[in-house]
Structures are given as C-alpha cells and as structure tokens.
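Here's a walk through a protein model with a ligand in it. Take a look at the sequence and coordinates before reading on.

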Amino acid sequence: MATDTVPPSSAEDVPSVPGGTPQTDTDAQVESRSGYRRPEVDVPALTRLLDGRYAEVRNLVRTNLAEYSSILEDAETMSVGDFRERVKDVVLEMAATGQTGMGFPEEYGGGGDIGASIAAFETLAYGDLSVLVKVGVQFGLFGGAILQLGSKHHHDAYLEDLVTGKLMGCFAMTESGHGSNVQALGTVATYDVATQEFVVTTTHEAARKDYIGNAAEHARLGVVFAQLEVAGESHGVHAFVVPLRDEDGHVLDGVRIEDDGRKMGLNGVDNGRIWFDQVRIPRENLLNRFADVTPAGVYESAIENPNRRFFTMLGTLIQGRVCVGGAGINAAKVALTLAVKYANKRRQFEATSEDTEELLLDYGMHQRRLLPLLARTYALHFAQEELAAQLHDVLSGVEQDEHTQRELEARAAGTKALGTWHATRTIQECREACGGAGYLSVNRFAALKADTDVFTTFEGDNTVLLQLVAKGLLTDYASEFSDMDQLGMVRFVTGLAVETVIERTAVNKLLERIRDVLPGGDEWDQDAGLLDPDYQLAMLRFREEHIVAGVARRLKRGIDRGMNPGEVFSRVQDHVIAAGRAHVERLVLEAFVAKTAALPDGDQKVALNLLCDLHALSVIEADRAWFMEHGRLSVARSKAISREIGSLCRKLRPIAEDLVDAFAVPREMLRAPDLLEWPPA
Ligand SMILES: Cc1cc2nc3c(=O)[nH]c(=O)nc-3n(C[C@H](O)[C@H](O)[C@H](O)COP(=O)(O)OP(=O)(O)OC[C@H]3O[C@@H](n4cnc5c(N)ncnc54)[C@H](O)[C@@H]3O)c2cc1C
C-alpha cells in the first residue's frame, strides 16, 4: 500500500479525543504540509475496476433492471397475487435475454460461464429483490441441483426448458422440523423393487417441506431432498425429481401444497409447504451423480462414507450461497448510494458558518457512521470477487483437489455470513442517516430492509455457517473433514495434542508470516505504522491464530476433564464462532490489500488505500477490547487508531459521492426523488 501518499495523521491535524486541545489548522492546511493531495476519482474507471472481468454482463443486467424499474412501485401497489405474477413475468422476460442462464452449459441454451452467472445475480440485487430471489430459486437452486446432482439424462430432460423458464421448479430441502440440520430430514423415499419406483412420503407433520420458493404457485417440478431407503436400509439424504403440478398448474394426486402466506418481505415470491402421500416416481428420478440404485434394488456409490457423500453433495450446491452473499453486498451499495448522496445535499443546523447550515456529510459523526460502512462494502466486494473466481475455477474443473474444495466451501460460508450481516447493518444505518425521509417507501429503504433481512437465514443460517468455517479451521480441511459432524470435529480436535492442533490448523503459518513481515520480536505491534498493511494484517492474523488455538485448548481441557463432548462444544461455541469470524475477517482484508497493492500508482490507488486503511483500522477498533486484553494494543495506540479513523473519514469525505457513484446503481433503481433531488425545486 502506498503509505507514502497517505501519511498517518499527526497529533496536530486531529483534535484529540474529547477534552483535548481544539484544532487550529484546517485539514487542508495540514494535508498540504504533510504532502497529502486529495485524489481525483475517475468514476467510470473505478466502475470498470469494480465490475472487473464481467463488466459487460453487469451492464446487461443494469439495462434490464432499468427497463423493468416500474416493478419497484408495483411491489407497493399490487396485491400479493398480482405481484407474484408480475415478478414471474419479469423473471421470464429477463431469462429471454440470456441473463439468468449464464451458468448453464451452452448445449442447453446457457452461457457456460459460472463467473458470469454470479456477476449477473449480484447485479440483479440493485433492483427488486423478489425478482432476484425468484431467479435464485428457479435457476440457482432448482436448476443448480439438476445440473450439479443429476447426470446427463436429467440434463437432457430438463435443462433446456428450465433455462428459458418454460419449466418452473423448486428446491425442496427445508422442513418445518429441520432447516439447518439437513441430515435429520423426515421425508422418506423408499425403493419399490417390484415397480422400480421410489415412494416419497412425508412421515410426520414436522416433515412437511416448508418455506419453499416457487412451491405455492409456479413450480411444476420439485427437487425434493429425502432419506433414501432401499431394502429396509437407510442411505441418508438424497435428491429426487418429483412432479408437483400438471401443465395446467393443477396439483398432482398425492401432493398437497399450502401457501406460506404473507412474509416480512419478498412477497413477490410464492413460498409454500408441501406434503407427499405415497407419491410414486420412476427410479430414474433419483439425481444420481453421486449415488444410484440399480433396478434390482442395489445401492451404489463411489463415495463409501455416508457423511462424506452427503457433504460432497451439498458442497456442489454452494453457488447459491456465494450468490446470496454477493447480493447482500450489492444491496448495501444501494443503501449507501442513497445515504451518501443525500448527506451531501441535506443541511441541518449552522455549525461552521453562521449563515449556512452544515451539510450532513460534513459532520464528523455522519462520516463516522457512513464511511467505515462504505469502506467495508469495498472490502467485501473484493473478497467476494476472489471467492467467485475460485468458485468458477472449481466448478469449471480448473481446480479439483479436495482440500481446495473444502476451503472454498468454508470461504463461501463465511463470506455469505459477513456479507449479509453487513447488508442488514448498513441498510439500517443508512435509513437512519436519511432521517424521516428514509422511512418513506418511495425512498427504497422499506423494501431493502424487509427483503434482505432473511438473507442472513436462507442459504444457511449465518451463525451455523460460521461454525462450519471454524470446523474447517480446526481440522485444516483434513481428509476426514467431510466425514465429520459437530461431534466428530470435537473428537478430532481432542484426539490431538494442542500443539499438533495448532500445527495442523489452517492458521499454522500465520505467526511465522507476522514475524517475517514485521521483525522485532514481540514489539512488532508497537513499532509498526498504523497505516502499514503488514501491521493491519498481522493484527488480524494474530487474533485468528490466538482464537483458534484457544478453542482447541478449551475443547481438549473439557474432554480431559471427562465432560460429554457435546456439552464441551456447546460451552465453547461462542469461541468457535469467534474463530470463524476472525478467519473470514482476515481473508476479507487480505483480498482488499492484495487488490490495492496490484493497482498502478495513481489517484485510484490512493483512494482505495484510504478505504482499505479505514476498513482495516475500523475492524481493529471494533475489537479493541480483545486486542487490549491480549496485550496487542496499548491505550495510547488504541486512541491513535480512533484518531486515524477520524482523519481517514475526513480524507474520504470529499470523494465519498464519487465512491458510491462508482457502484453504478441505475438511477431508475434508486427512485428516491426527495433524497436525490434535494432540496425540492
Ligand atoms: C423466505 C424464505 C425462503 C426460503 N426458501 C427456501 C427454499 O426455496 N428451499 C429450501 O429448502 N429452504 C428454503 N428456506 C429455508 C431456509 O433455508 C431455512 O429457514 C434455514 O436454513 C434455517 O433453518 P430453520 O428455519 O429451520 O432454522 P433453525 O435451523 O431452526 O435455526 C434457528 C436458530 O437456531 C440457531 N441454531 C441452529 N442450529 C444451531 C446450533 N447447532 N448451534 C447454535 N445455534 C443454532 C440458528 O443460528 C438460528 O438462529 C427459506 C426460508 C425463508 C424464510
């Protein structure tokens, strides 16, 4: 990072924390003395950088969104029934442009490019989110399951019509009784050797499928997850294609469907419940990429261990998770665009002048509220870009080793959790930052809040996902990783000496890396510059290593004392989740630092370095108690970090509007005439 162009704030350019000496020089004066020059942002160039390899795809989606922008109003004015139909129509019309089928093989009318399909989906999050989720259900979940879990005859039978939207379907995994714990599903598919069919049954009330998108009205087929039973033996959860409705939309015999009713948001998506009463489907309807049943009733799979088979199967479905994380990050961009632009026009109270009221964005607190969130949005954007590229390589067969796949799964889980939590937090802060105006539906926040809320839950509950991240860390994605459930992980960790755990964890190299880049024994954290990315990364690496080792120690101690492994795990669980979070925070910062480091020198690099520093120091500041507790942050240095954050916010303030403009959210999707064309003519 070009620390020479972004000098740290000196004591004189920042008034000290409350009670300090008032500042006499303006920031501009201090900046010119220190050699700092405000960067000019070339907005189109920054948009090109953000759009990356898939600029063309993203622009196609932007054009489509603008064309259907009236749907944002329809969401408020139409009945639920009419709005669902409208959303379906828009989805089908978008499908006709090729936008939604980019991830499918070309021979079935797709674009043959996984990375492009993720970029298209993320960009769709600038618009109405019912459209986004309906696209996700039809092409990501339903289509993705047929593509990834099925074999050629399934592809031949369904993909072409599925890609155009002629064949609508749903992904029926969750049951009322079980969402996160998919291995415990209650739906059963029993093989009947006499007729060579599977018989699908909802075994008890809590085993009804629930919250299933497209189920209440539009799905003709379902990919249904059920326990496979052959000759009295259970082989765990497998996926089956089950017809739900005929061509005229009538629900078929043996199937019962109920509407989930009105939801907190996403009311353009028809979520529903499904019951199966002895529904017979042909043997070929088992999606058999990983396991099959012969006509004579013999179960066959190349993956012997049932746990491993199950996790391998689920692992192929992570694209949806990656897409939802990216959509959350892009929804946050919409909120920030509105709040930053409004704050750059809206005035309230005289402050620095007696005749003119101050712009909201000139208030230190307003900068503090919005700009770290803006910086984090950029950080998550680049982390998501790396993740999407990795997923593209793995799913396209460029990267095939198992370790890389497991790492990718953990990274997808963690980035989804951080991205969607970030959306929830950012949208709320931006709503408040727009005051009463933020509460009016025309200004977008009502829909953004209501529609993105559930992103933290579907495609994997965030807390449960961070646990998955930690499991990978504690076992270094060992070959046994995919065989393990929670208790298996505890047994694995406790079976090793703590030192071995640390050696075998994915963070074993972190401390060495800290020492390599920041020599100076244990003093590195006191001597390094706050704006030195090596320092910032070393802090996050130290935290991660320390937390993971701490979890391992606590797990072992509990087991050594003879406690029940489940009880030990439960007591340590907050620590486990903290390990997962610390790991993903480190990956996010690494992605941002790598992105900025690779840029040629110039104003764009300076601007992104400001954002990267602000993000890094905000992450450290947010957990300053932990760093102080662990001897890595003195009181003086902690205060210096807060000062530096204030200074970075002031440096970013003049370019803040350019930085949100670079997201290139189409004007039509922002609506908000009162926020964007303030004051009224
Ligand atoms: C609008 C919407 C659309 C959906 N669409 C679909 C769809 O199309 N297809 C589909 O199959 N599913 C769908 N779902 C279901 C969704 O994926 C699940 O709701 C989700 O996986 C969470 O499962 P759950 O609701 O059973 O929550 P639970 O798993 O019961 O979780 C409840 C709470 O308990 C916590 N918790 C759970 N396990 C643990 C643990 N081990 N340790 C600590 N805490 C824990 C969680 O963090 C969470 O806060 C949808 C849901 C919604 C709301």
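Where is Pro679 found? Pro679 sits in the segment after helix H26 (673-676); helices here are DSSP runs of H or I with at least four residues, strands are runs of E with at least two, and both are numbered from the N terminus. The peptide bond leading from Trp678 into Pro679 is cis, with omega near -5°. For context, most residues other than glycine have a negative phi, and most peptide bonds are trans.

A word on the ground rules. This is a predicted model, so local features need pLDDT of at least 70 and side-chain atom pairs count only at pLDDT 80 or more, while totals for chains, interfaces and linings use all residues. Residues are numbered from 1 along each chain as its sequence is written, and side-chain values use heavy atoms, with hydrogens and water left out.

On confidence, the protein has a mean pLDDT (the predictor's per-residue confidence, from 0 to 100) of 91, with 90% of its residues at 70 or more. Residues 1-8 stay under 50, and the model has 30 contacts (heavy atoms within 4.5 Å) for them beyond four places in sequence. Residues 10-24 are also below 50, with 16 contacts beyond near neighbours in sequence. Where pLDDT is low, the predicted coordinates should not be read in detail.

| Residue and atom | Ligand atom | Distance |
|---|---|---|
| Ser180, polar side-chain atom | oxygen | 2.5 Å |
| Gln573, side-chain N or O | nitrogen | 2.8 Å |
| Tyr211, polar backbone atom | nitrogen | 2.9 Å |

The protein covers 66% of the 970 Å² of accessible area (Shrake-Rupley, 1.4 Å probe) that the ligand has on its own.

Finally, the whole structure holds 42 salt bridges (a Lys or Arg side-chain nitrogen within 4 Å of an Asp or Glu carboxyl oxygen). One of them joins Arg37 and Asp603 at 2.7 Å, N to O. The pair links distant parts of the chain, 566 residues apart: Arg37 is in the loop between helix H1 (27-34) and helix H2 (43-51), and Asp603 is in helix H21 (residues 603-622).

Conventions
Polar contact = N/O pair within 3.5 Å; in protein donor to acceptor, adjacent residues only side chain to side chain.
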